[in-house]
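This report describes a single chain, going from its covalent link to its sheet, core and aromatic rings. The sequence and structure come first.

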Amino acid sequence: DTAAQTVERAETSEVIDVWFVRSTEDSVRLVPHERSVPRSTPRSVLEALLLQPPTEEERADGLTTALPGSTALVSSPELRGDGVLGVDLSKGIFEIQGETLRDAFGQIVCTVTGLETVRSVVFRVDGDPAPVPDGESRQTGEPLRCESYANLLDGTND
């Protein structure tokens, strides 16, 4: 690469934290992992999470994703003036249940709320408002923040 190509790429892509799952013998933790995305918009960040599962190297480091491969964005996320992002997912998200479903929503919420403009997230599934599990696995239609999953957050940063 020439220096100019490196600079050009740096201008068109940004490094963001995408949240993955790391399981240990006694717990599951949500952990941030740096990924490069083109322009960090809610859509590009969500696509980085949904469409780019952990690489072989990341999996070797214990990172996995709770998100089913069939989960997709039904429409572009919509950011309201109050910083609440509406995310419309396909029904594929519900191929999983219980704690895995909770972990998947935690991954999504923590990933998009890493953007400066996004304070919290509400969900729709195929266009219909959908209650989703918070970190305590309580179903809620309220806007969720990464802190909603505080009990799952990894205390250590890589």
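How many disulfides does the structure hold? The structure holds 1 disulfide, a disulfide being a pair of cysteine sulfur atoms within 2.5 Å. The model is predicted, so local features need pLDDT of at least 70 and side-chain atom pairs count only at pLDDT 80 or more, while totals for chains, interfaces and linings use all residues. Residues are numbered from 1 along each chain as its sequence is written, and side-chain values use heavy atoms, with hydrogens and water left out.

**The disulfide**

The bond joins C110 to C146, with an S to S distance of 2.0 Å. Helices (H or I, at least four residues) and strands (E, at least two) are DSSP runs, numbered from the N terminus. The torsion about the S-S bond of C110 and C146 is about 95°, and the disulfide is therefore right-handed. Both C110 and C146 are buried; buried means under 20% relative accessible area, exposed over 50%, and partly exposed in between (1.4 Å probe, protein chains only).

**Overall make-up**

The secondary structure of the chain comes to 4 helices and 9 strands. From the N terminus on, the elements run α-β-β-α-α-β-β-β-α-β-β-β-β. The chain has 158 residues, of which 42% count as buried. Contact means heavy atoms within 4.5 Å. Among contacts between residues at least 6 apart in sequence, 56% join residues at least 24 apart.

**The sheet and the helices on it**

An open sheet is formed by 4 strands in the order 4-5-6-7, with mixed pairing. Two strands pair if DSSP finds at least two bridges between them. Strand 4 (78–79) and strand 7 (128–129) are the edge strands, each pairing on one side only. Strand 5 (residues 84–89) pairs with strand 6 (residues 120–125) in the parallel sense over 6 bridges. Along this pairing, L85 stands opposite V121, and G86 stands opposite V122.

Helix 4 lies across strand 5 and strand 6 and runs at about 135° to strand 6. Axes are lines fitted to C-alpha atoms, for helices over the stretch in contact, and angles run from 0 to 180 degrees between N-to-C directions.

Helix 2 (residues 42–51) is mostly covered, with 7 of its 10 residues buried. These buried residues are P42, S44, V45, L46, A48, L49 and L50. They pack against strand 1 (13–23), strand 2 (28–38), strand 5 and helix 4.

**The nonpolar core**

Which residues of the largest nonpolar core touch the most other members? Of its 40 residues, they are V87, L89, I93, F105, I108 and F123. The elements that give two or more residues to this core are strand 1, strand 2, helix 2, strand 5, helix 4 and strand 6. Helix 4 gives the largest share, 7 residues. A nonpolar core is a set of buried Ala, Val, Leu, Ile, Met, Phe, Trp, Tyr and Cys residues joined through side-chain atoms within 4.5 Å. Leaving aside neighbours within four places in sequence, the contacts of L89 include L50, F105, I108 and F123.

**Aromatic pairs**

Rings of Phe, Tyr and Trp (its six-membered ring) pair if their centres lie within 6.5 Å; planes under 30 degrees apart count as stacked, over 60 as edge-to-face and the rest as tilted. By this rule there are 2 aromatic pairs.

| Pair | Centre to centre | Angle of planes | Class |
|---|---|---|---|
| F94 and F105 | 6.4 Å | 50° | tilted |
| F105 and F123 | 4.7 Å | 75° | edge-to-face |

F94 sits in the loop between strand 5 and helix 4, and F105 in helix 4, 11 residues apart. F105 and F123, the latter in strand 6, are 18 residues apart. F105 is buried at 0% relative accessible area, and F123 counts as buried at 6%. F94, F105 and F123 form one aromatic cluster.
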